[in-house]
Amino acid sequence: MNFKSSLPIIITLIFCTNVQAQNKKYCLADFYQYDTELAYLTDSVFNSLTDEKRIAQMIITSAGELGKSKQVVKELVENNQIGGVVFLKGSQESHKKLVDELNAISKNNKYISLLYSMDAEPSLFNGRVKGTEKMMNTIDIKSKKQCDSVVKVIDKTLMEIGIHQNFAPVCDISPNNEAIKNRSFGNDRDTVISFSKTFIKSTQNDNIVATAKHFPGHGLVKGDTHKQSVYIDGELQELDIYKPLIAEGIISIMIAHITVRNNERYNTNDLPSSCSKLIVTDLLKNELNFKGIIITDALNIMKAVTILDKAPLRASMAGCDMILMPIDELQTINWIEEEMKINSAYRKQVYQSVKKILRLKICLKLV
């Protein structure tokens, strides 16, 4: 067959290949996979956005009885000033109703869909979704099979509501900390790692993003970051827990507002870990080679971080990709955008964060 006679076949093959690429259905398992079409699609979506709208993808506001009012959240979505919403206390019906309403706003305005999240740890689940069947505390899970069963129950409810990301599991090794209590898998390191891996695998197999927390470790410290500055004094004793979880494919890690002192290598100089480039970028990204989504702990109520000037900007500059519950979303966008104008290295870092978030949303079929 000569080239001229085969040209229609070649054109058809190219056309079919392009159609297949455009119609490819990505899932969460593709997030870490090398895929040129996924990278191209991510860049295409990124290039369609202004810097203000790119930054907005990093901002996660709150909803529910303990979050911001429904009207405020709707206005943030209408103005395209957030990338996601964490749902706090409420019923399954009220959460689902708001998800539907926010999705309708995004769809009507042709915005990128929101990423919805929840602290659906076993110990907090009944409080986050009122009226659900009684769930055991995390500390009472005694086997990997039981852990998997618990995840299935949680995921079923999350999927019915429309939640894409679970801020769980808690990977801290002690149940005795004031903030952690029964939210931990216990004080045996091997058990915590084993059950955390099961929780992560089961969650992400259901196409829900799991989030290991609270990096670099909240179990062996005294105090509660909701109330005061809390310190890791000396060695980072819980760091080794995260290495096998990263190898397992955890997609998201939450950074605690814990200050590190008396540690020659990782001293944060009185900053919380969430605002320390040494912890977020040098340690988690570079040393531990974590390529997923890094999210701050809540920035609106925890005294360990609310005392800082421009804490959301500091967290972003440290390397955090998602900014959880800043007090003022628009002000946060403005702070970040102004810093990007005078700091080219930081602008490049923000772009990398936004592209990771967009890639995640594509894998979750939100784009």
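## Basis and confidence

Local features need pLDDT of at least 70 in this predicted model, side-chain atom pairs count only at pLDDT 80 or more, and totals for chains, interfaces and linings use all residues. Residues are numbered from 1 along each chain as its sequence is written, and side-chain values use heavy atoms, with hydrogens and water left out.

The chain has a mean pLDDT (the predictor's confidence in each residue, from 0 to 100) of 91, and 90% of its residues reach 70 or more. Over residues 1–21 pLDDT stays under 50, and the model has four contacts (heavy atoms within 4.5 Å) for them beyond four places in sequence. Where pLDDT is low, the predicted coordinates should not be read in detail.

## Sheet

Eight strands make up an open sheet with parallel pairing, in the order E9-E7-E5-E4-E3-E2-E1-E10. Its edge strands, E9 (293–296) and E10 (323–324), each pair on one side only. Strands (E, at least two residues) and helices (H or I, at least four) are DSSP runs, numbered from the N terminus; two strands pair if DSSP finds at least two bridges between them.

Strand E7 (residues 252–255) runs parallel to E9 and is joined to E9 by four bridges. Ile255 has Thr296 in E9 as its bridge partner. Helix H8 (residues 189–205) lies across strands E4 (165–166) and E5 (209–215), at about 150° to E5. Axes here are lines fitted to C-alpha atoms, for helices over the stretch in contact, and angles run from 0 to 180 degrees between N-to-C directions.

## Backbone exceptions

Most residues other than glycine have a negative phi, and most peptide bonds are trans. The bond from Ala168 to Pro169 is cis, with omega near 15°; Pro169 sits in the loop between E4 and H8. Lys213 and His214 are also joined by a cis peptide bond, with omega about 10°, and His214 lies in strand E5.

Lys110, a residue other than glycine, has a positive phi near 60°. Lys110 is in the loop between helix H5 (92–109) and strand E3 (115–118).

## Cavity

The structure holds one cavity of 30 Å³ or more. A cavity is a set of points on a 1 Å grid over the protein atoms alone where a 1.4 Å probe fits but cannot get out; lining residues have an atom within 4 Å of a point. The largest cavity contains about 40 Å³ of space, the volume being that filled by probe spheres set on the points, which are joined across faces, edges and corners.

Residues lining the largest cavity include Gln57, Leu76, Asn80, Ser106 and Tyr111.

How values were computed
1 Å grid on protein atoms, 1.4 Å probe; cavity = no way out; pocket = protein on both sides within 12 Å on 5 of 7 lines; lining within 4 Å.
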